[in-house]
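Dear colleague,

I am handing over the structure below, followed by my notes on what was found in it. Please read the notes with the coordinates open beside you.

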Amino acid sequence: MLNLLLKTFIGLCLLAHCVLANNASNLEFFENKIRPVLAEHCYECHNSVNKAKGDLVLDYKDGLLDGGETGPGLLPGNPNDSLLMQVLKHEIKDLKMPKGGPKLMPNVLADFEKWISKGAFDPRLEPPTQKQLEEETAWEKIRERRKQWWSFQPITKQDIPQAPENIWSTHPIDQFLEDKMTQAGIKPNEETDALTVLRRLTFSITGLPPTIEQQNEFEKAASKNLGKATHTLVDELLDSPHFGERWARHWMDWVRYADSHGSEGDPGIPNAFRYRNYLIRALNSDIPYDQLVLEHFAGDLLPKPRIDHELGLNESAIGTANLRFVLHGFAPTDALDEHVRFTDDQIDVLTKTFLGLTVSCARCHDHKFDAISQKDYYALFGILSNGRPAQRVIEAPKRLSKNESELTELKKKIRSKLSFAWKEAVTDIAENLQTPPSKKWQDAILDGSNHNPFKVWANMRNAHKDNFARDWKVQKEAFLTSKDILDRRHSGAYRRSWKLGDSKQYAKWSKSGRGMKKDPSPAGSFHVLTSGDQIIDRILPSGTYTHLLSKKQNGTLSSPRFLFDEGNVWIRAVGDKGTTLRYVVWNYPRRGTVYPKGSPDPMQEKWINWNTKYWSGDEGYLEATTNRDHPVEAGGGTTSWFGVTEAVLTSPGQDPPRDEIAEVLSPLFSTGTEPKDAPELAKRYSKVMNEAIEAWEKGQTSDAQARILNFLVVKKLLPTSIKEIPQLKQDATEYRSLEKDVVSPRLAPGILDNEPFDQALFVRGNHKEKSDLVPRRFLESLNDAPYPKSSIGRLEYARDVLDQGNPFTSRVIVNRLWHHLFGRGIVATPDNLGRLGELPSHPELLDYLALRFRKEEWSIKKMIKFMTTTKAFRLASSPSEKARLKDRQFTAFPCPH
């Protein structure tokens, strides 16, 4: 009896152990193979917390068993009749899950069949709480699962398959293909005829039909050795200038090249052709692909740009033109919507072209199928959104600097000789004020502008001595009132204000073009006229000016970003009529009904303003461009200039900025004791004028002194002509001769950045509903480290694209090359290596080529030669019926038989 009890106990223990072991195995299988798939693909629409489409709940056991409107979800032990399996296999026409996506991978479907066959073990006995559901459907878990997709896996070193005894080809690509065909039980075709191979090569490499001479020569060479003849011809074709023309067409398709922006008016993109020619030169020169990728993202930011010394071009700066090939609607009333649309276009093109991923699908939510989060989208959006449409200088630095040092030295000589002549001219200024010797003196004194330094004299010259002190006090009080207004303008009275002569404030503005210097121009700057008897025509206050050496030197200047309100925006500028001044809303580059633009006055510094009530709440910036530099509506003139001294944003009800008398009269009221009568005031004027000239000679002019001298020059009260100062003739002649050789820079479309910022995530893609800021960075599934706050991020992003740990970039480009040579890529969807794309027909070959491409220094020509010198490229292109029936993937190559 005891033995029987002992045996029974041992048996029960063994049974319990088996049951527990079996349950443990089932539990592990469910948790690793079943639950993650349900959480990723099903819980969003079929859960017991907030959404149960078709009354179907899949987040706990009974919900799955009970099913919904169409019946039980599954029949344990019977996968074939289970509704869940039928839906997952897409066997029911109008009921396919996951909705809107591809059928689950065969191995996943096999896991579900196995699970149901074994009884559908399910430990989810109770519906989850909201917190539990959120944890199960957390993006981090989904992302990690999606990272298991083949294209997110590291590129691995592939051994070339061992060739069978009957060696068909020793070329590595052929050996990979033959190995795959052998596994499938099919054989390669025979080689086609020589002329067919010739046509394939010429059309593929140069895009041109073979000439009669090529046909004769190749046929003759091929009769001896087709393989050798192919090698020789490939080298010749790759050396042809037509190679770059052919492959630039492919590349331009990748980046959606366009000569115009489309929409109403279809405005041209100025200098777009420069990008086309840049690609042709780069491909013909076999510039490494990694270099071109850097240039496409951040060619303007490279510390050592690629210079074509023969053509005198900064090639790297042309690369970012690809960011400008976007559609721009005409005068959109929702400028942010327009901005989001064209930035989305940039994201779509860049990520498809260089990464083979559809990142733009994550604008409204985390990607439905790939390991790409919505934050990934806005991390890149924040980088590209900073880029303001612009024309960028592509001239080589050496050409740009031609004669600059010589012209600068000549200007010093001219300044010195002018100063000497001016000192003589003002010796009798006190007398001229009291007894104007000519009409021009009388007119100058009576000029009514606020920048007339003689304004006080005009008011005081006839004052009686007994009343002089009283009248002087009135004048001084007016000056002090003006000075107070001026001080408040420069110290926060307005929403925003910038004084461009201040180095710190000037540094915050974006600048491009040879005329835009690193530092602002000091007060007293001047431009030497390039023709006529007159040498100079004005003296300038501190600010920024494009033309101080030559009007050929161009410029683009734009302010920091700001928020528009219902007030006005003001910019104080001077320049020729070809210059464009405008406010820009959300980087929109065109003008239109609610996008006005203006021009400065070439004769005087002038305030220009626009009311921006319409754009209240939107963001934008102020912009000034010389004639050829407008991003869309560029002119054709080679000489243009502007200067900007200030900008102000006023709120509703605020007094507008204006020319203040304090800007010119401060030297008069800050020197010596107060004058007692008109003669003493005249002497004070004489002293002020002499001090201004001496300061100008030393390069130490104040803004007020510059404006005083400018008034005297404009009114022709100081000598400024060769006739008046003959000793300047030689210097002026030499200056003008050297100025003729100053380069008018060549330009290309590009972008201009301002202060870095992080983009707010738009909830469900709605630009009117903002969420948290997203740090600028790369794709989190590959590298989630934020970029430095001080950096725009374009260059860092480009380097992440090329990083050794990024498995996409080299796979994408070799697949594109294969696609254009063989007619169908190893991955048949070259723009999409993600879950919605096709699986690679030959994954080992793809990785082999991707690694080889990196090792061969990213050479496109070497890879094309490697592919076109295969035996596979020379085979008959019609697949056998056996190959067609076996699998359509083999029809990608002209080899199966």
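I begin with a pair of helices: H12 passes H13 in a right-handed crossing, where a crossing is right-handed if the near helix is turned clockwise from the far one by less than a right angle, and left-handed if anticlockwise. Helices here are DSSP runs of H or I with at least four residues, numbered from the N terminus. Please bear in mind that this is a predicted model, in which local features need pLDDT of at least 70 and side-chain atom pairs count only at pLDDT 80 or more, while totals for chains, interfaces and linings use all residues. Residues are numbered from 1 along each chain as its sequence is written, and side-chain values use heavy atoms, with hydrogens and water left out.

The axes of H12 and helix H13 (residues 289–298) come within 12 Å and cross at roughly 165 degrees; axes are lines fitted to C-alpha atoms, for helices over the stretch in contact, and angles run from 0 to 180 degrees between N-to-C directions. H12 and H13 are therefore roughly antiparallel to each other, given that angles over 145 degrees count as roughly antiparallel, those under 35 as roughly parallel, 65 to 115 as roughly perpendicular and the rest as oblique. On the H12 side, Tyr 275, Tyr 278, Leu 279 and Ala 282 meet Leu 292, Glu 295 and His 296 of H13, contact being defined as heavy atoms within 4.5 Å.

Residues up to four places away in sequence being left out, Trp 251 touches Tyr 275, Leu 279, Leu 283, Tyr 289, Leu 292, His 296, Phe 354 and Ile 860.

Most residues other than glycine have a negative phi. Arg 256, although not a glycine, has a positive phi of about 60 degrees; this residue lies in the loop between helix H11 (241–254) and helix H12 (273–284) and is partly exposed, with a relative accessible area of 34%. Glu 857 likewise has a positive phi, near 60 degrees, in the loop between helix H29 (843–855) and H30, and Glu 857 is exposed at 57% relative accessible area.

Another loop residue is Gly 119, found between helix H4 (106–117) and helix H5 (130–136). Its C-alpha atom is separated by 4.6 Å from that of Pro 76, although the two are 43 residues apart along the chain, and, neighbours within four places in sequence aside, Gly 119 is in contact with Pro 76 and Gly 77.

Finally, the cysteines: a disulfide is a pair of cysteine sulfur atoms within 2.5 Å, and by this rule the count comes to zero. The sulfur of Cys 45 is 8.9 Å from the closest cysteine sulfur, in Cys 42, which is too far for a bond, and that of Cys 364 is likewise too far from its closest one, in Cys 361, at 9.7 Å. Cys 45 is partly exposed, with a relative accessible area of 21%, and Cys 364 is partly exposed at 32%.

Key: Buried means under 20% relative accessible area, exposed over 50%, partly exposed in between (1.4 Å probe, protein chains only). Helices (H or I, at least four residues) and strands (E, at least two) are DSSP runs, numbered from the N terminus.
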